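Student: Could we go through this structure together? I would like to learn what stands behind each label.

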Amino acid sequence: MTEQKRVLLGILLATGVGWLLLAWLPLRKLGPAGASADGAPFGRAALGGEVYAANGCASCHTQVVRPPNLGSDIARGWGARRTLPSDYREEHVIPLGVLRLGPDLSDVGERRTDPRWYYRFLYDPRVIYPGTVMPSYRYLFARVPLLGTPLPDSLPLSGRDAPRPGFQVVPGPEARALVAYLLSLKRVPPGETGKTP
Ligand code: HEC
């Protein structure tokens, strides 16, 4: 082998190994290209992702379901399968979370499907979980005059949460976006898009 050939082979090897490690391997881990369509929130739900980030939800909630050998997330019903890197593809806010004071929310849209539940809960979490540390997000709601019959999404509030007579409480644009986002948090079961669990 001549000197020239050896240099050329060296260059090829160096770039080839680099490409394998930095491009091909991560791409393989991301899974098939078509697999992203199921997860990424869009439209109002994508805006809700920003409300989620701005309100510090990720300081108490994670969005990572660990595989069974690393924790009991699946046994707790937080998702049917572990989270994959491809689940976050096309999401521009990726709130993995830092601490778990509350349940993992990767799959919350699958286990809670009624927007009215979310509105009632965000307005006053203690009505549903007495003594919970989750704060109330009532500033995302608006108190508007009650003219005739209540609006369709007026909150059924009673007791200390009830508004003054002649008023009703409805979700504001941020609460609507946030709930659209939470409802969009679903992870498809293994095998459905050809992803490996
Ligand atoms: C200080 C911590 C904390 C913060 C901040 C927080 N949560 Fe929670 N959240 C909790 C806890 C704790 C629970 C579980 C209720 C309980 O048992 O106390 C919970 C429960 C929930 C649930 C119900 C989950 C289920 O599986 O039933 C949802 C949905 C939720 N939170 C959404 C949010 C959103 C959205 C935000 C931000 C706007 C937020 N949380 C901010 C602590 C927090």
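Tutor: Let us take the labels one by one, starting with how the model is read. This is a predicted model, where local features need pLDDT of at least 70, side-chain atom pairs count only at pLDDT 80 or more, and totals for chains, interfaces and linings use all residues. Residues are numbered from 1 along each chain as its sequence is written, and side-chain values use heavy atoms, leaving out hydrogens and water.

Student: What makes up the fold of the chain?

Tutor: The chain has six helices and two strands, in the order α-α-α-α-α-β-β-α along the sequence. Helices are DSSP runs of H or I with at least four residues, and strands are runs of E with at least two, numbered from the N terminus.

Student: Why is Leu-22 called exposed?

Tutor: Exposed means over 50% relative accessible area, buried means under 20%, and partly exposed lies in between (1.4 Å probe, protein chains only). Leu-22 has 73% relative accessibility, so it counts as exposed. Leu-22 sits in helix H1, residues 3-30.

Student: Why do Cys-57 and Cys-60 get their labels?

Tutor: Cys-57 has 12% relative accessibility and therefore counts as buried. Cys-60 has a relative accessible area of 23%, so Cys-60 is partly exposed.

Student: Which residues of the largest nonpolar core touch the most other members?

Tutor: They are Tyr-52, Leu-122, Phe-141, Leu-155, Leu-178 and Leu-182, out of 25 residues in that core. Helix H2 (44-54), helix H4 (115-123) and helix H6 (173-184) each supply at least two residues of this core, and the largest share, six residues, comes from H6. A nonpolar core is a set of buried Ala, Val, Leu, Ile, Met, Phe, Trp, Tyr and Cys residues joined through side-chain atoms within 4.5 Å. In soluble globular proteins, nonpolar side chains tend to be buried together.

Student: What is Leu-182 in contact with, leaving aside its neighbours within four places in sequence?

Tutor: Leu-182 is in contact with Tyr-52, Leu-105, Val-108, Gly-109 and Tyr-118; contact means heavy atoms within 4.5 Å.

Student: Which residues are buried in H2, and what do they pack against?

Tutor: Ala-45, Ala-46, Gly-48, Gly-49, Val-51 and Tyr-52 are buried in H2, and the buried residues of H2 pack against H6. After H2 comes Gly-56, with a positive phi near 70°.
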